[in-house]
Amino acid sequence: MRFSEAWLREWVNPAVSTDELSHSLSMAGLEVDAVTPVAGSFDTVVVGQVQACERHPDADKLNVCQVDVGAGEALQIVCGAPNVAAGMKVPVALVGAVLGEGFKIKKAKLRGLESRGMICSASELGLAESSEGILGLPADAPLGGALRDYLQLDDHAIEVDLTPNRSDCLGLAGIAREVGVIHRTPVTVPPIEPVTPTIEDRLAVQVEAPDYCPRYACRVIRGIDPQAATPLWMQERLRRSGLRSLGPVVDVTNYVLLELGQPMHAFDLATLDTEIRVRLAASGEPITLLDGQQLELRDDTLVIADASRPRALAGIMGGEDSGVSGATRAILLESAFFAPAHASGKARSYGLHTDSSHRFERGVDPQLQLPALERATRLLLDLAGGEPGPVAEVAFEDRIAPRPQIRLRRERVRKVLGIELADADIMDILQRLGMRVEGQTDGWLVQAPSSRFDINIEVDLIEEIGRIHGYDNIPALHGYSSTAMDPLPETAFSLSKARLALVDRDYYEAVTYSFVSPEVQKILHPDQQPVPLANPISADMAVMRTSLWPGLIQAARHNLARQQPRVRLFESGLSFVQGAQGLVQERMLAGMATGPAAPEQWGLPGRGVDFFDVKADVEAILALTGDAEEFIFSSEAHPSLHPGQSARIQRAGETVGWLGMLHPESAAKLDLGQNLYLFELRLDGLSAGAVPAFRPLSRFPAIRRDLALVVAEEVPLRAVADSVREAAPEILQDIRLFDVYNGGNVEPGRKSLALGLILQESSGTLTDPEVEAAVQGVLERLQNQFKARLRD
């Protein structure tokens with residue numbers, strides 16, 4: 001919610017500075033995000049009037065203007081704006097004026113003619129980001145008067161970041177009410193009197209979905225002046241609140257939206273057929289919105305229709321063919337209450353978000369519609385004239401739930417806030433918030449105003465008391481309690497150590513959304529059906545992730561697009577998989593690596609990260625269980641991974657994770673121009689570990705025997721190593737792979753594995769016959785199991 005401080009102070013004007021006002025709002029739960037000047041810094045800019053305007057004799061795009069600034073002699077100013085004309089009142093920066101960051105106006109000659117000053121545009125004065133031509137001022141602007149004083153530009157735009165429960169503050173009236181309560185200052189509400197109809201014209205209204213729209217009010221206004229202009233004071237209030245002027249009718253509805261918090265809409269009466277019907281759309285019914293977007297509606301969508309077709313998406317946006325234009329002379333002004341439960345999520349489901357939908361989703365005061373309609377009518381008649389008809393209202397009071405009566409206990413207030421407050425102070429706070437308070441023996445019976453959808457239970461009232469009393473005024477007390485230290489199993493896997501291990505291995509920790517793009521999800525996991533969100537934040541965050549890879553890949557794409565070719569990220573979090581027993585949430589640890597294996601340097605030759613680099617990182621994590629030998633990497637296919645570079649990670653026959661290179665087809669669909677390696681581990685699969693145990697060191701020398709074994713290419717090292725250990729279980733201390741070779745005298749389809757066997761006895765020195773017997777036993781077992789042979 002963005003608003004002008006000067007406008008707010010017309011409603012309520014506490015004796016505090018801008019900074020103090022902003023701080024008090026933030027401390028009361030209405031967090032102020034920004035306070036910015038409404039105009040740029042400038043001085044010596046006055047109101048002038050162009051008396052004459054002629055073409056520059058030596059420049060087609062320049063005009064020579066004679067400008068009266070109320071100082072007697074007219075100033076000659078050369079101006080390049082296409083819209084300058086004789087008779088206009090304009091802002092004039094006099095010689096010596098300073099605009100913005102040190103831009104000083106000096107006497108100058110432009111194509112040989114003297115120019116004494118500058119006629120300014122809105123952007124040059126910091127009133128707009130961009131502008132086409134100079135800023136025209138109203139005819140009643142005081143000649144020679146300071147522009148800053150005339151437009152009241154010593155003002156600030158305050159932007160408040162409201163939580164969803166404070167919809168009552170989505171209008172200046174709500175903010176003013178809060179400021180008045182906080183600073184004990186009276187609030188001056190503009191008088192809103194019923195407008196007397198001067199014609200009897202009205203449209204019949206049928207509300208066919210009262211649960212969706214419990215109150216609908218409208219009024220015909222004829223004879224609007226299509227040439228009328230929005231006054232500068234209203235344009236400025238809209239601009240300072242982040243809205244641009246679009247003509248009197250739309251400006252009035254936007255003004256009431258900002259002032260009272262009630263969304264309104266104006267239909268061009270000439271386009272409407274006979275009546276207004278508030279109904280649910282038919283499935284597939286088309287509508288073209290004001291922004292030109294064409295939609296096919298669902299049957300759960302409320303529309304404002306006439307006798308022929310839908311004319312607006314209720315509470316969201318009007319239709320293109322019924323919107324007001326510069327030729328509109330008669331309108332139907334609408335003010336309605338749409339139930340938040342039914343409005344919630346509708347706009348987002350169509351990829352829309354408007355000021356109206358933002359308010360209706362959170363809740364608009366159901367008693368505000370008629371006052372807002374009268375306020376808008378009076379403003380529009382004052383601005384553009386016209387003849388109003390009577391108000392047509394259809395209301396279903398039984399469908400508008402009254403605010404509940406809540407029992408507030410004196411002792412409960414003390415216990416929750418931790419302080420003693422006098423009964424008179426509690427009642428004063430509640431009554432200043434507009435609540436009805438009735439005294440009882442142990443406390444009060446309280447009913448919140450119709451605008452406060454967030455006040456439903458006792459603690460809601462206590463929260464209101466605490467924030468208005470002031471959190472700064474509640475002393476900080478440290479509680480005392482005994483704590484129990486739960487025993488931590490010595491074999492438990494430590495996620496914090498795993499995270500540190502990955503950081504040590506040059507990874508950065510990432511935190512990504514649990515919501516991901518359905519398209520990316522389908523590319524990576526085509527065989528899994530993700531859980532869709534009922535009200536997604538955006539179309540790119542519409543389903544729950546079934547793994548952590550989509551978020552990491554999106555982060556990698558973001559970095560690669562910004563000239564960061566080396567990316568190594570990891571994340572721990574939940575995956576959400578739909579199973580036979582319902583939704584399964586699993587704790588996962590995942591990572592990705594792409595680009596050079598090491599940072600650029602002179603000491604090592606450059607090479608890209610590969611499968612075995614990432615496998616080593618995974619093995620470092622698995623080693624933290626103290627039982628790394630239990631984990632088996634087996635070459636298997638995964639739909640997301642390259643069929644030749646993927647591995648399933650198993651422990652005791654159970655899958656605990658996957659590792660591999662992203663499938664080239666997936667990489668192409670995701671616009672990744674380099675290889676990307678991924679891993680993901682189930683943390684529950686790592687939970688059980690082994691306690692390190694001491695083993696005495698042998699006092700006798702170790703003997704090494706190197707074997708170059710030729711085996712089938714598909715035989716994994718793990719299987720060969722397991723076989724070697726089974727053949728020489730007692731004296732074999734270690735197996736070291738130091739070479740893998742294909743080609744030459746190794747036949748096709750086979751490979752050579754060079755293994756170093758470390759043999760050692762704990763009770764004595766091994767003899768040559770014992771070593772030879774052990775090696776021969778290993779060779780025989782490998783020959784029988786894998787048809788292995790020694791390489792020639």
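This is a predicted model: local features need pLDDT of at least 70, side-chain atom pairs count only at pLDDT 80 or more; totals for chains, interfaces and linings use all residues.

Colleague: Great. At what angle do H11 and H13 pack?

Modeller: Helix H11, residues 410-417, packs against helix H13, residues 458-469, at an angle of about 60°. Their axes are 10 Å apart, and H11 passes H13 in a right-handed crossing.

Colleague: Which residues make the contact?

Modeller: On the H11 side they are Arg412, Val413, Val416 and Leu417. H13 brings in Glu458, Val459, Ile462, Ile465 and Gly466.

Colleague: And how do the residues of that contact divide into nonpolar, polar and charged?

Modeller: Six are nonpolar, one is polar and two are charged.

Colleague: Nice. Let's move to H6. How far apart are its end C-alpha atoms?

Modeller: They are 18 Å apart. Helix H6 covers residues 248-260, and its 13 residues should span 18 Å at 1.5 Å a residue, so the two values agree.

Colleague: Is H6 enclosed or open, and why?

Modeller: H6 is largely enclosed by the rest of the structure, because 12 of its 13 residues are buried. Among them are Pro248, Asp251, Asn254, Tyr255 and Glu259.

Colleague: What comes just after H6?

Modeller: Gly261, which takes a positive phi of about 90°.

Colleague: Which residues have a positive phi without being a glycine?

Modeller: Arg184 is one of them, with a phi of about 55°. Arg184 sits in the loop between helix H4 (172-183) and strand E13 (204-207). Gln563 also has a positive phi of about 55°, and its place is in the loop between helix H16 (549-560) and strand E31 (567-579).

Colleague: Are those two buried or exposed?

Modeller: Arg184 is exposed, with a relative accessible area of 55%. Gln563 counts as exposed too, at 66%.

Colleague: Switching topic: where is Leu30, and why does it count as buried?

Modeller: Leu30 is in the loop between helix H2 (18-27) and strand E2 (31-37). Its relative accessibility is 0%, so Leu30 counts as buried.

Colleague: What does Leu30 touch?

Modeller: Setting aside residues up to four places away in sequence, Leu30 touches Leu25, Val160, Leu162, Arg166, Cys169, Ile175 and Glu178. Arg166 is 136 residues away along the chain, yet the C-alpha atoms of Leu30 and Arg166 are separated by 8.5 Å.

Colleague: OK, now Ser115. Buried or exposed?

Modeller: Ser115 is buried, with a relative accessible area of 4%. Ser115 lies in strand E10, residues 113-115.

Colleague: What does the side chain of Ser115 reach?

Modeller: A polar atom of the Ser115 side chain lies 3.0 Å from the backbone nitrogen of Val78. The side chain of Ser115 also reaches the backbone oxygen of Gly117 at 3.5 Å. Leaving aside neighbours within four places in sequence, the contacts of Ser115 include Gln76, Ile77, Lys106 and Leu110.

Colleague: Last one: where does Ala652 sit?

Modeller: Ala652 is in the loop between strand E34 (641-651) and strand E35 (654-662). At 79% relative accessibility, Ala652 counts as exposed.

Definitions and conventions:
Residues are numbered from 1 along each chain as its sequence is written. Side-chain values use heavy atoms; hydrogens and water are left out. Axes are lines fitted to C-alpha atoms, for helices over the stretch in contact, and angles run from 0 to 180 degrees between N-to-C directions. Helices (H or I, at least four residues) and strands (E, at least two) are DSSP runs, numbered from the N terminus. A crossing is left-handed if the near helix is turned anticlockwise from the far one by less than a right angle, and right-handed if clockwise. Contact means heavy atoms within 4.5 Å. Ala, Val, Leu, Ile, Met, Phe, Trp, Tyr, Cys and Pro count as nonpolar, Asp, Glu, Lys and Arg as charged, and the others, Gly among them, as polar. Buried means under 20% relative accessible area, exposed over 50%, partly exposed in between (1.4 Å probe, protein chains only). A polar contact is a pair of N or O atoms within 3.5 Å; within protein, one must be able to donate a hydrogen and the other to accept it, and residues adjacent in sequence count only if both atoms are side-chain atoms. The expected span of a helix is 1.5 Å times one less than its number of residues.
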